[in-house]
Amino acid sequence: MSATAIGVFVICIVFTVIWSFTNSKLFPTFNFVGFWQYERLWATPKWVISVANIWFYGFCQICANMVAGFLLAVFLDQRIRQEDLLRTVFLYPFALSAVITGLVWQWMMDPGLGIQSAVRNLGFTDFHFAPIANAGTAIYGLVVAGIWNGVGVTMAILLAGLRGVDEEIWKATKIDGIPTWRVYLFVMLPMMRGAVATALILQTVGVVRTFDLVIAMTGGGPGIATQMPAIYVIENINARNVAHGMAAATCMLLPVALVIVLQVIFRLRARRRADRAA
Amino acid sequence: MMKFAVAAAMTAALLSSTAGVRAADVEVIHWWTSGGEQAAVSVFAKEFDATGDKWVDNAVALGETARATIMQRALGGDPPDAAQFNPGRQYEELIQGGLLLDLTPLAEKEHWADIIRPDATESTCHIDGKWWCVPVNIHTNNWGWASIAAFKKAGVELPNTIDQFIADAPKLKAAGIIPFAVGGDGGGWQINLMANDLMLALLGKEKIEAIYRDKDVAEAGSPDVAKVFESIRTLSQFSDESSTNRNWNDTTALVVNDQAGMQIMGDWARGEFSLAGKKAGVDYACLAGPSEKPYLRLGGDIFVFFKQSDPEVERAQLSLASTMLNPRTQALFNAAKGSIPVRDDVDMSLADSCMQKGIALLKDEANVVPDTNIWRNEAFGNATNALWTEFWFDQSKSVADAQAQFVDLIKNAE
């Protein structure tokens, strides 16, 4: 079973890489053209902008979600009333599909329909709020929607992590007279490493496959200002330019491959060190 | 194989004469979802259902998405029975891969080669002596659609050329009208279409052929092309803020409702005007080009038929192909769609003044320039979409940068 699963994944990845070196159009061929697809890829502004966007979006999104998620978790951890209700409220956006999230935020940020026109109708005719109508600011609009969508789940995971820490620790820190904020930052946070790692991985995976939110909210625009690598790959495959799409997909795999290789190296080193110590 | 196809086609032809006795479902994927388009596609459905078979409608919004759906299903071994494409190179791999039903026997029986005109339209389906698809209409992609009321409100004459429009645009803006309506959805195809139209209007047929057909890099980098880029940059300052992700028919609606002055769009926009009860020459004007010596940039729609194992379905497919081309369907369909019939012997009493204008221009083949799709593949189309839409929405991208990128695209075009 696991052999099949690994086989399927590995074979798919291997073929993705192989085809990225061919000039396949609609049907796969083995007509090798070396690094030509990669040369075209990095000469294409749309791809270069996509890559810059995903790093920027990912960085903002992950930082904001982790920090805000942790703060919300700490807030709910204060044994406040209505905790169940608030937890549901914060977690609810995550239950919505990214397409719906994207559409709703698009309406709100659309200058002709959303906040801008509502405020203008109130009489403030100079009011200007149209982040996604401007190529320079559209990506921030996406980040806001992404945070709204993703902060709840980070909160839920971190709250579970907080609740999982032994009550005795709290008592011990009370006796030692450590201020609460220091306990959260320097005692609780390191003790819930597992929860933090889980939240972080979920966020990162979410960022890499960013697709539907962008399609629903900006369609990659204005112009190509909010293009993302995943959209680029799909678009090329759909345009019967499969090899080029595969080259882009391979480039998307590289950071992941790098992380895996680094992890293996660290593990081997740790084992060697452990062997030496023994 | 060939013999089988001929035999099958002949039995199909025989059977279709006794239609009504047997029936099959024919699933059709197309991207006609706007009001005017739906009115047109329902003509096909109605006429086909009347023959006894059944049109199974599968409309997928946005051409790009619909074509992706068709391709995925074809690759997955479950192709639809019939599917829409734009004429050109979008379906060349399907032909090479042997996935399409050969329509040659039917075409020869019905003399398609003699009735379908102009050659530019016929040749998109009649390839190396064989018929692989059915052209259903001729669209012309380069029209300025202007609201007469909006221009009147601003006290400005309707423009004859794009330069005149650019000169008058500030007056429209001062009158509270969106001078130029455009939408940025679907990767920027509307902006690309508009840019291609202006290229043709400002550069003329020879230069367009040199650039897009012959990949003349020097011509693509010439100062004349730079001037087109500059005109488009100027125009981009006369659009509205909500344009970034708007679809074409919502954009046309701005002109229909006299909120915007002009939109540059293909003749399918006419369907939206007539659906809203507007009259050509009274409520709206159609400006070919817009240019004093207009060319027609020829596009359209074709249908391919995928090979199916069931001979009953194949008979129905051929019957549909035949229905799409018969004069009655052609007249009704094209009147609703705003396009020109692919055959000359069609009753054109339904055509309005805009359509008549197009038909008159079409009479002289020297006026006809094929769409860039005919020469270049879809990957090139997507790349030009990206180029123009980025240039349009990002004012910090310089004309020189954009033109250098354009030259690079032409150089590497396939």
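**Aromatic pairs, a helix crossing and a buried loop arginine**

In chain B, one aromatic cluster is formed by B:Y212, B:F229, B:F380, B:W388, B:F391 and B:F406. The model examined here is predicted, and over all of its chains 33 aromatic pairs are found. Among them is the pair of B:F85 with B:Y91, which is tilted, with 5.8 Å from centre to centre and 50° between the planes; both B:F85 and B:Y91 are buried. In the pair formed by B:Y212 and B:F406, the ring centres are 6.1 Å apart and the planes stand at 70°, so this pair is edge-to-face, given that planes over 60 degrees apart are assigned to that class. Because B:Y212 belongs to helix α11 (residues 205-213) of chain B and B:F406 to helix α21 (residues 399-411) of chain B, the pair ties together parts that are 194 residues apart in sequence. With a relative accessibility of 1%, B:Y212 counts as buried, and B:F406, at 0% relative accessibility, likewise counts as buried.

Charged side chains are also placed over aromatic rings in chain B. The charged end of B:R233 sits over the ring of B:F391, at 4.2 Å from its centre, and B:F391 is itself one of the members of the aromatic cluster described above. The charged end of B:R67 sits over the ring of B:W31, 5.1 Å from the centre of that ring.

The cluster residue B:W388 also takes part in a contact between two helices, in which B:W388 is one of the residues contributed by α20(B). The axes of helix α10 (residues 189-203) and helix α20 (residues 378-393), both of chain B, come within 8 Å and cross at roughly 90°, which means that α10(B) is roughly perpendicular to α20(B). On the side of α10(B), the contact is made by B:W189, B:I191, B:N192, B:M194, B:A195 and B:M199, and on the side of α20(B) by B:G381, B:T384, B:N385, B:W388, B:T389, B:W392 and B:F393. By residue type, this contact of α10(B) with α20(B) comprises 8 nonpolar and 5 polar residues, with no charged residue. Not counting residues up to four places away in sequence, B:N385 touches B:W189 and B:N192, together with B:G186, B:G187 and B:G188.

In chain A, helix α12(A) is largely enclosed by the rest of the structure, because 7 of its 10 residues are buried. The buried residues of α12(A) are A:P229, A:A230, A:I231, A:Y232, A:V233, A:E235 and A:N236. Just after α12(A), A:R240 takes a positive phi of about 60°, and this arginine lies in the loop between α12 (229-238) and α13 (242-277) of chain A. At 4% relative accessibility, A:R240 counts as buried, since a residue under 20% is assigned to that class. The C-alpha atoms of A:R240 and A:S24 are separated by 8.4 Å, although the two residues are 216 residues apart along the chain. Leaving aside neighbours within four places in sequence, A:R240 is in contact with A:K25 and A:L26 of chain A, and with B:M71, B:R89, B:Q90, B:E93 and B:E378 of chain B.

Terms used
Residues numbered from 1 in each chain as written. Chains lettered and ligands numbered in written order. Predicted model: local features only at pLDDT ≥ 70, side-chain atom pairs only at ≥ 80, totals over all residues. Heavy atoms only, no water. Phe/Tyr/Trp six-rings, centres within 6.5 Å; stacked < 30°, edge-to-face > 60°. Buried < 20%, exposed > 50% of the residue type's maximum accessible area, 1.4 Å probe, protein only. Helix = DSSP H or I, 4+ residues; strand = E, 2+ residues; numbered from the N terminus. Lys NZ or Arg CZ within 6 Å of the ring centre and 35° of its normal. Axes fitted to C-alpha atoms, helices over the stretch in contact; angles between N-to-C directions. Parallel < 35°, antiparallel > 145°, perpendicular 65-115°, else oblique. Contact = heavy atoms within 4.5 Å. Nonpolar A, V, L, I, M, F, W, Y, C, P; charged D, E, K, R; others polar.
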